[in-house]
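Thank you for making time this morning.

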Amino acid sequence: MYRAIGKSTRSFLGYSTRSFSRVVGSDIISPLIGLNDDQKEFYTLAKGFADKEMAPYAAKWDEEAVFPRDTLQKCAELGFGGIFVKEDVGGSALSRLDTTVIVEALATGCVGTTAMLTIHNMCAGMIDKFGSPEQRQQWLPKMCTLDTMASYCLTEPGSGSDAASLQTTAVIDPKYPDHYTINGGKAFISGAGMSDLYVVMCRTGGSGPRGISCLLVPKDTPGLSFGADEKKMGWKVQPTRQVIFEDCRVPVSNRLGDEGQGFAMAMTGLDGGRLNIGACSLGAAQASFDIALGYIKERKQFSKAISEYQATQFKVADMAANINVMRLSLRNAAALLDEGHPAATAHCAMAKRTATDYGFNVVNDALQLHGGYGYLKDYHIERYLRDCRVHQILEGTNQIMSHIVGRSLVA
């Protein structure tokens, strides 16, 4: 049905602009523009999967609040369960730039499902980068197939944007010298109760970021429990719960890196996470734009298609320009992150803010172009709108993104 990453599928990819005397329609902002042959392959592979395996079922998943794990396991067969994990443990070893291309394509099918996949990939990437050889072999092969799914646990009820003030503790009890005992709780955790592994930031030392470590907590650990599933505006496809630790003991061997390194790991993970969530917004914007572009050519008012009115043309021109800015910003930041550029964190913050703000606006404009029909679930855009709204909040609010950039500029 589909071919996994690494196998030749390039014969049907993309197009040469030399064969066109004029590029029109949505091809003007084609996601394939500027990509190399491998990246065109990744996009086409992911888009084909999104069109066939995700988009036809996304409304039902949303309506019934069902997470399609079997669908994501099919997605993992394509190499998307460990996108930037090294190949020795089953990963695809792709770049952050490649990842933004894949995530954008998948999000056109279902934003909430794709977002959960990106969170899992962020966790897998952290274990791959910071884990010991034993930890990598223990966890990553099954994570890459999505037989093991992971959730990222940083936010707490009392520490959101001020993540370094987290209060969940992990201490070594003299009675159990080879184990940490964790007490506390995490809030707004995507996949909580469903995921098999939790990448948990907790306090093993004093106050501030240097007192934070990262522990891997399996779902079946005694003392680990979950709150009620939150009733959300969007992302209904994935569960969101509190994660509760009550004398929850995990082996010291489950710690990633050394004590005190957890916050730095968390922030490193978030650079890529911000690009991924921006790419989710980009995919939703592109899908909504394509729907709207088709609609305005068919919808007639005052005896002609509304696409013939200059006001409509100006609106879709603005939407196309914003999508173009989103895509260029994300891909530029991803390239900087891949090369380890010192300005990468600031560019990831700029790209996240730009993509999630512009993305929401494009989807909202697409809804407006549909008039009253846009408010109906039949046209899907209202689901993209609900799913995109949270992107301006999570992985660091867009106000925090401005703080990161502004602080860097005046330093």
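This is a predicted model: local features need pLDDT of at least 70, side-chain atom pairs count only at pLDDT 80 or more; totals for chains, interfaces and linings use all residues.

Residues are numbered from 1 along each chain as its sequence is written, and side-chain values use heavy atoms, with hydrogens and water left out.

Let me begin with the empty space. Rolling a probe the size of a water molecule over the atoms shows where empty space is left. On a 1 Å grid over the protein atoms alone, a pocket is an open set of points with protein on both sides within 12 Å along at least five of seven lines, a cavity is a set where a 1.4 Å probe fits but cannot get out, and lining residues have an atom within 4 Å of a point. Grid points are joined across faces, edges and corners, and a volume is the space filled by probe spheres set on the points.

The largest pocket holds about 1,200 Å³ of space, and of the 41 residues that line this pocket, T155, I393, L394, E395 and G396 are the closest to its centre. At least two lining residues come from each of α5 (111–130), β3 (179–190), α7 (262–298), α10 (381–389) and α11 (398–410), and α7 gives the largest share, seven residues. By type, the pocket lining divides into 20 nonpolar, eleven polar and ten charged residues, where Ala, Val, Leu, Ile, Met, Phe, Trp, Tyr, Cys and Pro count as nonpolar, Asp, Glu, Lys and Arg as charged, and the others, Gly among them, as polar.

There is also one cavity of 30 Å³ or more, and the largest cavity contains about 30 Å³ of space.

Helix α5 is mostly covered, with 18 of its 20 residues buried. In α6, the buried residues are Q135, R136, W139, L140, M143 and C144. Seen down the axis of α6, these fall within an arc of 120 degrees, so they line one face of the helix, the arc being that of the directions from the helix axis to the C-beta atoms. The face turned away from that buried side carries the exposed residues E134 and K142.

How many disulfides does the structure hold? It holds zero, a disulfide being a pair of cysteine sulfur atoms within 2.5 Å. For C153, the closest cysteine sulfur, in C123, is 7.6 Å away, too far for a bond, and C153 is buried at 0% relative accessible area. For C248, the closest is in C202, at 9.7 Å, again too far for a bond, and C248 is likewise buried at 0%.

Finally, V23 lies in the segment before α1 (37–54) and counts as partly exposed at 32% relative accessibility.

Technical notes:
Helices (H or I, at least four residues) and strands (E, at least two) are DSSP runs, numbered from the N terminus. Buried means under 20% relative accessible area, exposed over 50%, partly exposed in between (1.4 Å probe, protein chains only).
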